[in-house]
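Here are a few exercises to work through with the structure open beside you. Try each task on your own before reading its solution.

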Amino acid sequence: MEETLKTTCLHDSHVALGAQMSPFGGFDMPIQYSGIIDEHNAVRHRCGMFDVSHMGEVLVTGSGSEEFVGHIFTNDVRGIPAGKILYGMMLYPDGGVVDDLLVYRLADDRWLLVVNASNIGKDFEWIQKQSDGYDVKVENLSDFYGEIALQGPLAEKTALDVFGLDLQDLVFYTFRELPYQAHAGLENVSQDGNGLSLDGESIIVSRTGYTGEDGFEFYASFAVIRDIWERLLAAGVTPCGLGCRDTLRFEVGLPLYGHELSAEISPIEAGLGMFVKMDKPEFIGKDAIERQKACGVTRKIVGIELKDKAIPRAGYPVEADGQQIGEVTTGYNSISTGKSVCMALIKKEFSAPGTEVCVRIRKKVFPGTVCKKKFYEKNYKK
C-alpha cells in the first residue's frame, strides 16, 4: 500500500517555488530549490532558511518532570535554568539509541523535547511508556508546531533587519519565548517569559541549528511560521532544502539518526560520549554504557578521505587487508572542501588517524585514509 505523506504548513510555498520534493520521515519535503551547491554555499557564506516543521515536539509537564527527563535522557538536566537547551540521546537498556534530540527547559516543571521526524511516533510511544510512576504529563504537540531554521553568518543581522529581533545576546544553545495560547484540544501551556513576539503572536527562538554555522530556529503556530517564511523570502534569503541540510551537517561531523546513530549504534561507538553523563545517578541504558566504557567497543565512527574523486555512498563497504571492516554511513564530495570524504562505522583496530583503508564503490576499490570526521570547522557564535 502506498504511503500517505504528511505535508508541512509551508508545503504550498515549496511547490510554488518549484522545489524538488521527495519523501522524508513520512513528509513530502523539499530536497532542493536552486540547487544543492548553491544552497549549501548560501548557508556557509551568507544566510539560508529551511522548513524543518517535520521535526517532532513532545511536551513534558508536571512536578516530576525534571526527574523524568533525566531518567530518559543521557545528558544531565539537573538544575539547568529555564532558557537552556541540551543535546543528548534517549537509549534502550542495551545502549542502542532510541533517538537523538534537543531538550528545552521552558520552566521548572515544563520541558520541550524536539525529536527527529522519522521517529515521532516511536519516540512518543517510548516516552509515554517510560513515564509510568512519574508525576508527569506527556503530550505530542508535533501537529501544532511549525519550525524554520535560519542559518549562516548573516543570520543574526537578517533577524534584526527583517523582524527587528536583536539576538546578539542570545548565546549558543539558549532560547527565548513569550506566552502562547493553547491549541485546540490541549490544555493551556502558556507561561510568562521574556522572549520575542512577531505581530502579536508568540514564538520560541533558539540559537541552534544543524549546519555548523551560526543561526536560529523559530517555533511557532502555522500562521506565524508562514509569515516568517514569506518575510524572509521577500528579504532575499535563500530557501534551502534537505539536500544541503545533509551536506552541511555532514561536513562538520554532526550525526544523522539511522546513519551515524541507531538502535544498533551506541553513542560511544558514534564518538558522542561527551553527551552521556555517567556521573548522573541513573538513566535508561546507563549500565550498558558503563560496560562499553569498561570493556571498550569493537566499532567506531570515523572520517575517511579518499585519494580519488569518487563519491562514497551510505552502505558502501570499507575494506582493509583484503577484508571488509565496516561500511560508509554518509559520504559526499564535500562542497566546502572539494574533497571526497565519508563517515564510516569500522572495526576499532583500523580507526587510528592515518590508517590506510579502501572504499568499494560498485566494482572498483578506492584508497583512502582515516581522518577526523569533522571535515570542515564549525562557525558557531558561542
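This is a predicted model: local features need pLDDT of at least 70, side-chain atom pairs count only at pLDDT 80 or more; totals for chains, interfaces and linings use all residues.

**Exercise 1. Work out the strand order of the five-stranded open sheet, and name its edge strands.**

- Step 1: Reading across the open sheet, the five strands come in the order S5-S6-S7-S4-S8, and their pairing is antiparallel.
- Step 2: Look for strands that pair on one side only; these are S5 (85-91) and S8 (137-140), the edge strands.
- Step 3: Going from one strand to the next, the twist averages 30 degrees.

**Exercise 2. Find out how many bridges join S4 to S8, and which residue in S8 is the bridge partner of Leu 59.**

- Step 1: S4 covers residues 56-61 and runs antiparallel to S8, with four bridges joining the two.
- Step 2: Leu 59 has Glu 139 in S8 as its bridge partner.

**Exercise 3. Describe how helices H3 and H4 lie relative to the sheet strands.**

Solution. 
- Step 1: H3 (residues 65-72) packs on the sheet and touches S4, S5, S6 (97-107), S7 (110-115) and S8. The direction of H3 makes about 25 degrees with that of S7.
- Step 2: H4 (residues 120-130) lies across S4, S5, S6, S7 and S8. Relative to S8, H4 runs at about 170 degrees.

**Exercise 4. Identify the salt-bridge partners of Arg 249, and explain what the pair with Glu 260 ties together.**

Solution. Side chains of opposite charge can pair when their charged atoms come close.
- Step 1: Arg 249 forms a salt bridge with Asp 246, with 2.8 Å between the closest N and O atoms. Both residues sit in helix H7 (residues 242-251), three residues apart, about one turn of the helix.
- Step 2: Arg 249 also meets Glu 260 in a salt bridge, at 2.9 Å from N to O. Arg 249 belongs to H7, while Glu 260 is in the loop between H7 and helix H8 (286-295), so this pair ties together parts that are 11 residues apart in sequence.

Conventions. Residues are numbered from 1 along each chain as its sequence is written. Side-chain values use heavy atoms; hydrogens and water are left out. A salt bridge is a side-chain nitrogen of Lys or Arg within 4 Å of a carboxyl oxygen of Asp or Glu. Two strands pair if DSSP finds at least two bridges between them. Axes are lines fitted to C-alpha atoms, for helices over the stretch in contact, and angles run from 0 to 180 degrees between N-to-C directions. Contact means heavy atoms within 4.5 Å.
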